[in-house]
Amino acid sequence: MKPNAPHLTLDLRTRELDTIGVNESDLRHPWWYNVKFVAWGILFGIVAVKAEILSWFRIHEMFRFESFHMFGIIGTAVMVGALSVLVIKRTNAKTIHGETIHIPSKTFNQGNIYGAFIFGLGWAITGACPGPLFAQIGAGYSVVVVTLLSAIAGTWVYGRFREKLPH
Amino acid sequence: MLELIRQPWPWYVAGVIIGLTVPYLLIIGNKTFGLSSSLRHVCAACIPAGIPFFRYAWKKEAWSLFFVGGIALGAYIAVHWLSDPAPIRLAASTSERLAAQGLIDTSSLMPAEIFSWSSLFTLRGFLFMVVGGFMVGFGTRYGGGCTSGHAIMGLSSLQWPSLVATIMFMLGGVVMTWLILPLLLGL
């Protein structure tokens with residue numbers, strides 16, 4: 001690694017903005033180590049179907065405040081997540097590969113306001129945030145492939161014009 | 001046992017499993033939970049076009065693509081082998097209002113009147129799927145994350161920018177659902 005190479009510095013700066021990979025491990029693993037992520041993804045996908053998180057109707061109900069279901073799921077998830085982070089920090093837990101666990105802090109930028117609002121608009125009509133998009137496709141709604149491609153296009157357009165957007 | 005699994009799962013079971021994603025990812029690989037980044041990695045892998053935002057070693061982030069691949073697979077498994085034949089139980093007020101707005105079929109997970117290939121080429125279908133998807137992809141990246149990255153991971157680690165983002169995307173959803181959606185459903 002040459003940390004003073006200009007393209008690497010730029011790379012790190014753009015990555016820190018949304019904390020992508022800033023804590024990434026230096027360890028190199030063979031590709032099949034990713035089976036652990038596939039396994040949890042499968043569990044996540046099953047939960048998304050069985051608790052109807054991928055359902056457009058459930059998301060609609062949530063935004064109409066007509067059901068506690070989705071609020072219960074997100075609220076419980078945050079509580080379990082927060083408790084886990086607390087325990088990890090208190091016990092100085094290590095990863096299974098012996099590395100120190102590090103959670104990067106997010107720095108505020110105006111995108112957290114404008115971008116998040118735009119995402120909210122999209123979430124309420126597609127009935128899906130990015131995770132459930134993949135779940136909807138797996139559940140057999142093949143037309144959602146179009147929604148996913150459009151979301152990828154949206155991410156690309158953001159990357160293309162990000163210098164011109166207020167941050 | 002299988003009978004129990006086949007029934008719809010209550011919110012607290014789903015909430016606990018989704019919450020446990022946070023420590024699982026941290027412990028097995030020092031990864032922070034966030035799913036919208038996978039869209040960025042697809043851009044970096046397939047269409048970087050020399051844009052600095054997509055010029056990074058995406059292969060090191062490939063775990064996220066394996067994770068979302070697993071989500072699709074898990075959903076397939078659940079629908080084919082663990083599904084409950086009964087229709088989704090919506091709040092009565094929700095299904096009544098939707099029926100009045102033309103969404104009568106609430107038997108499956110998605111409104112059949114909108115999310116189909118035949119509806120894709122209507123103005124309404126185009127707005128729901130193509131424009132909606134674009135807003136999800138653009139908005140999550142501009143906002144720095146989605147429900148998993150901000151609401152769950154961000155709030156769990158007490159990051160105030162994530163609280164701002166969560167409030168803003170809930171607000172966006174409320175504005176769409178209450179003010180804009182009734183007009184779109186009438187198209």
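Analyst: The largest nonpolar core has 99 residues, and those with the most contacts inside it are A:V47 and B:A75. A nonpolar core here is a set of buried Ala, Val, Leu, Ile, Met, Phe, Trp, Tyr and Cys residues joined through C-beta atoms within 7 Å. A residue is buried if 20 or more other C-beta atoms lie within 10 Å of its own, exposed if 12 or fewer, and partly exposed in between, with C-beta atoms placed from the backbone. The largest share of this core, 10 residues, is supplied by helix α4 (residues 62–81) of chain B. Helices (H or I, at least four residues) and strands (E, at least two) are DSSP runs, numbered from the N terminus.

This is a predicted model, in which local features need pLDDT of at least 70 and side-chain atom pairs count only at pLDDT 80 or more, while totals for chains, interfaces and linings use all residues. Residues are numbered from 1 along each chain as its sequence is written, and chains are lettered from A and ligands numbered from 1 in the order in which they are written.

Leaving aside residues up to four places away in sequence, B:A75 touches A:G45, A:A48, A:V49, A:L54, A:A135, A:G138 and A:A139; two residues are in contact if their C-beta atoms, placed from the backbone, lie within 7 Å.

The wider meeting of the chains comes next. In total, 113 residues of chain A are in contact with 112 residues of chain B. On the side of chain A that touches chain B, α5(A) gives the most, with 16 residues. By class, that side has 62 nonpolar, 37 polar and 14 charged residues, where Ala, Val, Leu, Ile, Met, Phe, Trp, Tyr, Cys and Pro count as nonpolar, Asp, Glu, Lys and Arg as charged, and the others, Gly among them, as polar.

Helix α8 (residues 147–156) of chain B is mostly covered, since 10 of its 10 residues are buried. Its buried residues pack against α4 (69–91) and α6 (130–138) of chain A together with α2 (11–29) and α9 (160–185) of chain B. After α8(B) comes B:L158, whose phi is positive, near 55°.

For contrast, consider a loop residue. B:A49 lies in the loop between α3 (37–46) and α4 of chain B, and B:A49 is exposed, with 11 other C-beta atoms within 10 Å. Although B:A49 is not a glycine, its phi is positive, about 50°.
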